[in-house]
Amino acid sequence: MKLYRTTQGIFVDEAGRYYPVATADWDELVCSPDLQARVRAATGKQAVTNFDLGTILAPVVGQDVWAAGVTYYRSRNARMEESKDAGGGNFYDRVYAAERPELFFKATARSVVGPKSAVRIRSDAAWSVPEPELTLLINPTGAIVGYTIGNDMSSRDIEGENPLYLPQAKVYGSCALGPCVLLSAPPPKNTAIQLEIARQGKTVFKGNTTLAELKRAPEELAKYLFRESSFPRGVFLMTGTGIVPEDDFTLASGDSIRISIDGIGTLENHVT
């Protein structure tokens, strides 16, 4: 089942048919211990005949967004390369192999955008990229209850200049989630993640990976996030990226970013 938040209410997609869910309170629903049963019950009622994909919003109201870093070997290598002149390369190798993962705050709910909305690059950055990530929806008890697609927009030159600049490279009001929350068992290891960036109608970058390349289990990341923190309205946790464009690539205004994950769908945004 796929759960959608829209301008017309909350809907569940079951086998390509869309059913309204009998609540307007997103936070209450996703935090409910009966989430699966309540959403499943909606599929026993009348499906709508004209679900409008243009009404889809980001699947977030009161949830903060956190992120994990250096969870793929490709990401480790890219971070080491971008920060070698600043003497920070060794840090990324160490965190990749460490017991404790890198976790950082990414965005408040109000700064998250959904499908078809604009993401932006920092005006003082010269090297910006999207980071496609499987993103966990975790309820207040720390249980993973769903999965969505995240775009962790990043300024690689700023982070590479000094690892302590990570908050400025990551937390500047540019985070996308969507299009839905997949309510299912954990995605299998062969789940594909794809990124395509188009410029003036032409593909300028295309890459892919699978969850088999994710070094840390989603449950491990969630456990560390909840070790000393609580989230009364639940929380989203991005699990890291395994797709990094070449070092000579940077996003430009007008670019189209498409991130697809098997079983969830496609999150598409444009750069403002």
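**View 1. Lining of the largest pocket.** Strand 17 (residues 265-271) contributes the most to the lining of the largest pocket, with 4 residues. Strands (E, at least two residues) and helices (H or I, at least four) are DSSP runs numbered from the N terminus. This is a predicted model, in which local features need pLDDT of at least 70 and side-chain atom pairs count only at pLDDT 80 or more, while totals for chains, interfaces and linings use all residues. Residues are numbered from 1 along each chain as its sequence is written, and side-chain values use heavy atoms, with hydrogens and water left out.

The largest pocket has 13 lining residues. Nearest its centre lie Ile-56, Pro-115, Lys-116, Pro-179 and Thr-266. On a 1 Å grid over the protein atoms alone, a pocket is an open set of points where a 1.4 Å probe fits, with protein on both sides within 12 Å along at least five of seven lines; lining residues have an atom within 4 Å of a point. The largest pocket holds about 250 Å³ of space. The lining divides into 7 nonpolar, 3 polar and 3 charged residues. Ala, Val, Leu, Ile, Met, Phe, Trp, Tyr, Cys and Pro count as nonpolar, Asp, Glu, Lys and Arg as charged, and the others, Gly among them, as polar.

**View 2. The Lys-116 to Glu-268 salt bridge.** The closest N and O atoms of this pair are 3.2 Å apart. A salt bridge is a side-chain nitrogen of Lys or Arg within 4 Å of a carboxyl oxygen of Asp or Glu. Lys-116 sits in the loop between strand 6 (112-113) and strand 7 (118-119), and Glu-268 in strand 17, so the pair ties together parts that are 152 residues apart in sequence. Lys-116 is exposed, at 59% relative accessible area. Buried means under 20%, exposed over 50%, and partly exposed in between (1.4 Å probe, protein chains only).

**View 3. The Asp-152 to Lys-170 salt bridge.** Here the closest N and O atoms are 2.9 Å apart. Asp-152 belongs to strand 10 (residues 144-152) and Lys-170 to helix 6 (residues 166-170), so the pair ties together parts that are 18 residues apart in sequence. Both Asp-152 and Lys-170 are buried.

**View 4. The Asp-255 to Arg-199 salt bridge.** The closest N and O atoms are 2.7 Å apart. Asp-255 lies in the loop between strand 15 (235-238) and strand 16 (256-261), and Arg-199 in strand 13 (residues 192-199), so the pair ties together parts that are 56 residues apart in sequence. Asp-255 is buried, with a relative accessible area of 0%. Arg-199 is partly exposed, at 28%.

**View 5. A salt-bridge network.** Salt bridges with shared partners join Lys-106, Glu-131, Asp-152 and Lys-170 into one network. The structure holds 12 salt bridges.

How values were computed
Grid points are joined across faces, edges and corners, and a volume is the space filled by probe spheres set on the points.
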